[in-house]
Amino acid sequence: MRLKVMVLCGAMCLSGVAANAQMAPPKAAVAPGTAVEPAKALDDLLSIYEGEVVPVAKAMPADKYGFAPNAATFAAGAPAKFDTVRTFGQQVVHVALANYYFYSAVGGMKPDVDMAALGKMSDDPKACSDKDAALKYLTGSIAFAHKAIATITTANAFVAIKPIDGQNTRATLAAFGVAHGYDHYGQMVEYLRMNGIVPPGSK
């Protein structure tokens with residue numbers, strides 16, 4: 001009996017190690033104490049987020065991109081309101097729109113999409129139900145963000161720029177862009193769960 005328990009514990013430990021290895025951030029490429037360029041540090045942060053949010057966006061079936069929680073999703077009498085809740089597709093497109101907005105200021109670059117059209121799309125649940133289009137905007141916005149972050153240097157990282165959402169330097173705005181994305185990532189994960197889908201990061 002003791003042997004069985006030890007084997008079971010060992011298997012559980014190995015499973016935990018494997019799971020942690022899959023979720024762990026990339027290993028440091030430089031030795032502790034070595035100065036790291038701001039662009040490298042911030043780009044690593046964006047890459048970790050990218051590796052989380054894109055698989056979640058891909059995991060939701062195309063016919064569920066129009067899904068949004070509503071009162072029927074929860075127990076009767078729940079004191080929550082859902083009139084203005086975004087659909088899953090709107091979450092994806094909103095993140096893309098925000099990425100272009102934030103990182104255009106970080107890099108001083110013009111977005112490579114029509115921002116007015118993208119903004120209009122983000123307000124239209126039906127338009128955002130097109131999974132392929134939403135994914136294209138999301139991945140495109142992240143590629144744009146990587147280019148913007150590459151313009152950050154030691155000299156300009158903390159030089160004041162026009163403030164956006166309270167962030168007035170390139171470095172803090174770049175980090176804020178990732179933080180904002182994780183806010184919506186958390187909501188997207190819940191949408192997957194509500195549809196019986198295990199989020200990729202939890203497998």
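This is a short walk through one protein chain, from its overall make-up to a few single residues.

The model is a predicted one, so some limits apply: local features need pLDDT of at least 70, side-chain atom pairs count only at pLDDT 80 or more, and totals for chains, interfaces and linings use all residues. Residues are numbered from 1 along each chain as its sequence is written, and side-chain values use heavy atoms, with hydrogens and water left out.

I will start with confidence. The score is pLDDT, the predictor's confidence in each residue, from 0 to 100. Its mean over the protein is 87, and 81% of the residues reach 70 or more. Residues 1-22 have a pLDDT below 50, and beyond near neighbours in sequence this stretch makes 1 contact in the model. Contact here means heavy atoms within 4.5 Å.

Next, the overall layout. The protein has 6 helices and 2 strands. These are DSSP runs, numbered from the N terminus: helices are H or I with at least four residues, strands are E with at least two. Reading from the N terminus, the order is α-α-α-α-α-β-β-α. Of contacts between residues at least 6 apart in sequence, 72% join residues at least 24 apart.

Now the surface. The accessible surface is about 11,800 Å², and carbon and sulfur atoms hold 62% of that. Areas come from the Shrake-Rupley method with a 1.4 Å probe, and for residues only the protein chains shown count as cover. A residue is buried under 20% relative accessible area, exposed over 50%, and partly exposed in between (1.4 Å probe, protein chains only). By that rule, 35% of the 203 residues are buried.

Let us look at helix H3. It covers residues 88-107, which is 20 residues, and reaches 29 Å from its first C-alpha to its last, close to the 28 Å expected at 1.5 Å a residue. The expected span is 1.5 Å times one less than the number of residues. H3 is mostly covered, with 17 of its 20 residues buried. Just after H3 comes Gly108, with a positive phi of about 65°.

What does Thr87 touch, leaving out residues up to four places away in sequence? The list is Tyr65, Gly66, Phe67, Ala68, Pro125 and Tyr191. Thr87 has 6% relative accessibility and so is buried. Among the residues it touches, Tyr65, Phe67 and Tyr191 belong to one aromatic cluster, together with Phe88.

That brings us to aromatic pairs. Rings of Phe, Tyr and Trp (its six-membered ring) pair if their centres lie within 6.5 Å; planes under 30 degrees apart are stacked, over 60 edge-to-face, and the rest tilted. The count comes to 8 aromatic pairs. In one of them, the rings of Tyr49 and Tyr182 have centres 4.9 Å apart and planes at 70°, so this pair is edge-to-face. Tyr49 is in helix H2 (residues 38-59) and Tyr182 in helix H6 (residues 170-194), so the pair links distant parts of the chain, 133 residues apart. Tyr49 is buried at 1% relative accessibility, whereas Tyr182 is partly exposed at 31%.

Another pair is Phe102 and Phe176, with ring centres 5.4 Å apart and planes at 75°, so it is edge-to-face. This pair links helix H3, where Phe102 sits, to helix H6, where Phe176 sits, across 74 residues. Phe102 is buried at 2% relative accessibility, and Phe176 is partly exposed at 23%.

Then the charged side chains. How many salt bridges does the structure hold? The structure holds 1, where a salt bridge is a side-chain nitrogen of Lys or Arg within 4 Å of a carboxyl oxygen of Asp or Glu. It joins Lys40 and Asp44, at 2.7 Å from N to O. The two are 4 residues apart in helix H2, so about one helical turn separates them. Lys40 is partly exposed at 42% relative accessibility, and Asp44 is partly exposed at 32%.

Asp165 is in the loop between strand E1 (160-164) and strand E2 (167-169). Its phi is near 50°, a positive value in a residue other than glycine. Asp165 has 52% relative accessibility, so it is exposed.
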